[in-house]
Amino acid sequence: MNDMTPEREERSANLKGLGCSRKRVEDARFTQGKGNYVDDVKMPGMLHGDFVRSPYAHARVISINKDAALALDGVVAVLTAEDLAPLNLHWMPTLAGDKQMVLADGKVLFQGQEVAFVVARDRYVAADAVELVEVEYEELPVITDPFESLKSDVVLREDLAGQTTGPHGPRKHHNHIFTWEQGDVKATNQVLDNAEVVAEESMYYHRTHPCPLETCGCVASMDKVNGKLTLWGTFQAPHVVRTVASMLSGIEEHNIRVISPDIGGGFGNKVGVYPGYICSIVASIVTGVPVKWVEDRMENLMATAFARDYWMTGKIAATKEGKITGLHCQVTADHGGFDACADPTKFPAGFMNICTGSYDIPVAYLGVDGVYTNKAPGGVSYRCSFRVTEAVYFIERMIEVLAIELNMDAAELRRINFIKKEQFPYQSALGWEYDSGDYHTAWDKALKTVDYEGLRKEQAEQVAAFKRGETRTLMGIGLSFFTEIVGAGPVKNCDILGMGMFDSCEIRIHPTGSAVARLGTISQGQGHATTFAQILASEIGLSADSITIEEGDTDTAPYGLGTYGSRSTPVAGAAAAMAGRKIRAKAQMIAAYLLEVHDDDVEFDVDRFVVKGVPERFKTMKDIAYAAYNQAIPGLEPGLEAVSYYDPPNMTYPFGAYVCVMDIDVDTGVPEIRRFYALDDCGTRINPMIIEGQVHGGLTEALAVALGQEIAYDKMGNVKTATLMDFFLPTAWEVPNFETDHTVTPSPHHPIGAKGVGESPHVGGVPCFSNAVQDAFRPFGLRHTNMPHDHWRIWQTANDLGLHE
Amino acid sequence: MSDKMHIKLNVNGEDHEFLAEPRDLLIYTLREKLNITGPHVGCDTSHCGACTVTLNGKSVKSCTMFVAQANGAEITTIEGIGQPDALHVLQESFREHHGLQCGFCTPGMITRATKLLEEIPNPTEKEVRFGMAGNICRCTGYQNIVKSILAAASELNAAQEAAE
Amino acid sequence: MIPAAFDYYRPKDVEGVIALLQEHGDDARVLAGGHSLIPMMKLRMAEVPHLIDLQDIAALKGITIDQDTITIGAMVSQHELINHDGLSAAAPILREAALQIADPQVRYMGTVGGNIANGDPGNDMPGLMQCLDAQINLLGPDGSRTVAARDYYEAAYMTDREDDEILISVVFTAPVGGFAYEKQKRKIGDYATAAAAVQIAKVDGKVASASIAMTNLSDVPVWSQGAADELAGSVCETATLKAAVAAMLGDIDPTEDNRGPVAFKRHVAGIILTRAITRAWDRA
């Protein structure tokens, strides 16, 4: 039955299902300028909101005088914490179990913090009014260093004074948030104490920002006649926003409709709930007309969720031959003024405990301390599953450091420590069950493709030439092998604000054999409307071109937890497949009835059910769809619809092998990427074209982070990198072409074996770029240097190594 | 507030006349007054190019231009580059080669690319990368954008040759 | 980002500009391409109650090449400058430098005059004009006057130009010999970490004369007589290059910013200058 005859192959190709590089259905509107982003939403009478923000990183707010602003023609309202307090909306809960000021309540904790919300006729008047709000501040001592913070007498969060326990356990100091420990510290220390070799290193993963090209914003519209609140916004998780909005406002959830229109990139920045959303809702409730708030780029970089800012110290134990015997990781996490991480509730440091990486490490320990400072709140996952970039960077740097300690080749060190194919499902020392993998095959393929041995030979020649004074360029070979953990996640241990992290799909087949499917996720560029239709096409035998995918409208889509952490394919994609199978099960009964045989006597064949052994007797899915609506079929309800809420049994674990070849100008610190090879294994591949696009994009964001992109503060807590002049977003000129490759190791527990890919290239790319820089200097004694590797820092490394003498 | 000015613009072949404050930024005039929402605001400081339009034959960033400066100008936005039943080759090519993801940069990107191909009808990859360096994309890593533009150039040149 | 309101003027001639500047004094600013001023206005770091747009003034436009005298109007854009064949032949360093300024869209708007007039230490044209020994033509209520580019810059954003004067054009003699504009920056659209403009005239296989200026390494562009003197009469051998660099490093005074600390900038300045001289010498 499964022989691919040309005729079947043609029918299969017509479906444009799994594995097809189907062109995107989204593109028609985007290429014609007809996307509909939040700032395109325009409503009669709509007002504009704008924030008065703190110029100081830490200050007491002595007074706020709104008179001059209110006197300006066109200004409708100026909201402060005092106005929000009676509604109990001057503070809001964060996704991390902390709370955050919506508007400054007595003090400010970071530069750019929201102090007052001006509502005016248009954006010009609002901006003028912002200038007219007079705020008197009394400056307080500023702390921008988490280690200093833990020693300081200065209490940053006075609202928490005296609270020795937080949502994640005991607090050790008034500026301490939580301690999170995983693994066996005693056994790990024992291994370290008795190890033949221990490599130790401290590293800082600098603060950066997801910086999608579209900033965050919303339009709130309170319809007082019907009692309905509609909220359009840049929400990566619209359903959760609806629930939170209901809990905070007291408006019943059925009276709130949240719509995520087209989103201009998210990368984690649009997961959180921001003061602008709350203020817009309140302003619309107060004024009775729609209120729009869209932040500008400086506000986006200064005040909405940052990523990373992890201080990590590692100890890795091994035998003299290089077999790793234990790993110890201690992290100090700078969360800024409020802990506004977007992690599943029980994981205050996300999935940092994936930090044993792709290696069979028998014993390990991870300890993370969260700390308050006078910096912007956040700690979101920028193009990665929760803290996975930090974890992978950590282990991939520790491997390199261990290789130096052992005087071994870093590729070989990886190879001898990889989890073996036969060890899957693999239980990691820090508590995860890796679903599937074949690391050795991927690694060997990668090294062979790039001619790793040849590269090392060339590098050695280059070093010799450098030492002879014949060149000032060094060659770095960056390696990384990563294992991601995505697709949160099982409801038993993953939730956001109590909502289990399942996802959903609802399908309706129309009588003429086309369909609409709605999911609880929301695309921000990933192409869901294209790929989810492909999953369904293969499951239900209707062409992807006949299936409309809708997301992002909570009035129509089933509840879901949204799109981040590469969870759309692993969770909602699974829900789509499962819903498709429900459709198919009913279709089978209809087909059997139409063909006048027993249910078990028909079988699915690409786009039809056929009578077993009699392929010329069949009913296509189109026939079946029509029958579902126009015939009374005994024992069956009319119609053809299904819904699935999918609670994944486990996460999925995509992996990959990356190699970067870089040439570094020792004198100017300018790196040039000569070659980048990326092999990704994301299990079953739904749309190779889109996968490749995701890999290009993720690698480019990785390049940016590794080579210069940072949110930097001065000692006064001023943001030094608040515009795109200084916040590094590479252009086409700075980005190389990437070579992509793949292996396919399906997830055993996912209905179609898919694992998710959007974030892999970022997770694996950052250590690969960084390792390339560091590898170039390894022959001259470099052990580790922190990112970002911008020109001056690379130059500094060379200088510290005496290469400029 | 300063006095409003009488502004005339020709956008995508259509004349518009209205009163505006001189400080109104061209991008918001297009988006909010004329409902031409293809061009977007990405950075506010002329770095990202999401707001790119063609003004009197020049590629310009409309977030860094006052409507008063544009008074009297002829402007083309993404909306004027092709029509649903007659797309520009670049619009087809971006779709064909997956030259976009979230779509937010795409109108500015394609608008700039139309001008680039006027400046250099048969560009090399390097010339495309250099000529597009005023437009930031956060999603694609540019590889497929470059591919889209090079493919469009080939197609336009082939059509040109065929016509000659 | 929204600027404060202002009154807008678009005079047809320079006299109209001068009259407005006289009338409004400090409250008025002229607008050329706007890509320095408008972002500052949007950030509300520059308050400009009266904005005078120069785009309609014919007298500020055009490139003329008369024998070996080159005149560039203040409102000539970087784009025009790059695409002017005669200029590219007569003073190719201008094209090489202009291509390293900002990005294509900004170059369509950004003007030579705007780049020169402001006194922004990050701008490329001031150093280049010093290298070319350009004369800056200013017009004010008392008529026109000429200032050497080498005397024009006083401090960051402080120049010899009075508030009621405007820059009309720059004039210089077509350079002879080899040239190079070398610039290190973090990415397209960035100002220079260090940039060097070098012109070298060669006679009988030796440096007959040289002119060297650097950008963004002090609060003003740095034209180094000392560096040029070191090259004179040499064949640009290693020792001479070192001496020239040493002379230049004695003249620059970089400050730390996001591009890096002072030691780095000084080092890169030396490297960039060495490369620029080498390239100019190769082309001489």
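At what angle do helix α16 (residues 568–595) of chain A and helix α17 (residues 621–630) of chain A pack, and how far apart are their axes? The angle is about 90 degrees, and the axes lie 9 Å apart. The model is predicted: local features need pLDDT of at least 70, side-chain atom pairs count only at pLDDT 80 or more, and totals for chains, interfaces and linings use all residues. Residues are numbered from 1 along each chain as its sequence is written, while chains are lettered from A and ligands numbered from 1 in the order in which they are written.

Helices (H or I, at least four residues) and strands (E, at least two) are DSSP runs, numbered from the N terminus. Axes are lines fitted to C-alpha atoms, for helices over the stretch in contact, and angles run from 0 to 180 degrees between N-to-C directions. Angles under 35 degrees count as roughly parallel, over 145 as roughly antiparallel, 65 to 115 as roughly perpendicular and the rest as oblique. α16(A) and α17(A) are therefore roughly perpendicular to each other. From α16(A), the residues A587(A), I590(A), A591(A) and L594(A) take part. They meet M621(A), D623(A), I624(A), A627(A) and A628(A) in α17(A). Contact here requires C-beta atoms, placed from the backbone, within 7 Å. By class, this contact of α16(A) with α17(A) holds eight nonpolar residues, no polar residues and one charged residue. Ala, Val, Leu, Ile, Met, Phe, Trp, Tyr, Cys and Pro count as nonpolar; Asp, Glu, Lys and Arg count as charged; the others, Gly among them, count as polar.

The crossing of α11(A) past α19(A) is right-handed. A crossing is left-handed if the near helix is turned anticlockwise from the far one by less than a right angle, and right-handed if clockwise. α11(A) contributes V388(A), T389(A), V392(A), Y393(A), E396(A), R397(A) and E400(A). Their partners in α19(A) are H762(A), V763(A), G764(A), V766(A), P767(A), N771(A) and Q774(A). The residues of this contact comprise six nonpolar, five polar and three charged.

Chain A also holds an open sheet of seven strands with mixed pairing, in the order β3-β7-β1-β16-β13-β14-β15. Two strands pair if DSSP finds at least two bridges between them. β3 (75–79) and β15 (256–259) of chain A are the edge strands, each pairing on one side only. From one strand to the next, the twist averages 20 degrees. β3(A) pairs antiparallel with β7 (residues 114–120) of chain A over four bridges. Within that pair, V78(A) stands opposite V118(A). α9 (residues 275–287) of chain A lies across β1, β3, β7, β13 (217–223), β14 (228–233) and β16 (291–294) of chain A, at about 25 degrees to β13(A).

Further along chain A, β33 (residues 655–665) and β34 (residues 670–681) run antiparallel, joined by eleven bridges. C660(A) stands opposite F676(A) in β34(A). Four residues separate the strands of this hairpin, and G669(A) there takes a positive phi near 75 degrees. β34(A) also pairs with β35 (residues 739–742) of chain A, in the parallel sense, over four bridges. The bridge partner of A678(A) in β35(A) is T740(A).

Chain A meets chain C through 25 residues, in contact with 18 residues of chain C. On the chain A side, α5 (123–132) and α20 (791–800) each supply at least two residues. α5(A) gives the largest share, five residues. That side of chain A has nine nonpolar, seven polar and nine charged residues.

Chain C has twelve helices and 14 strands. Its radius of gyration, taken over C-alpha atoms, is 19 Å, close to the 19 Å that the globule rule (2.2 Å times the number of residues to the power 0.38) gives for 284 residues, so chain C is as compact as a globular protein of that length. An open antiparallel sheet in chain C runs in the order β11-β12-β13-β14. β11 (178–184) and β14 (222–223) of chain C stand at its edges, each with a single partner strand, so one side of each lacks a neighbour in the sheet. β12 (residues 194–203) and β13 (residues 206–215) of chain C pair antiparallel over nine bridges. There, K202(C) has V207(C) in β13(C) as its bridge partner. α12 (residues 262–283) of chain C lies across β11, β12 and β13 of chain C, at about 155 degrees to β11(C).

Key: Two residues are in contact if their C-beta atoms, placed from the backbone, lie within 7 Å.
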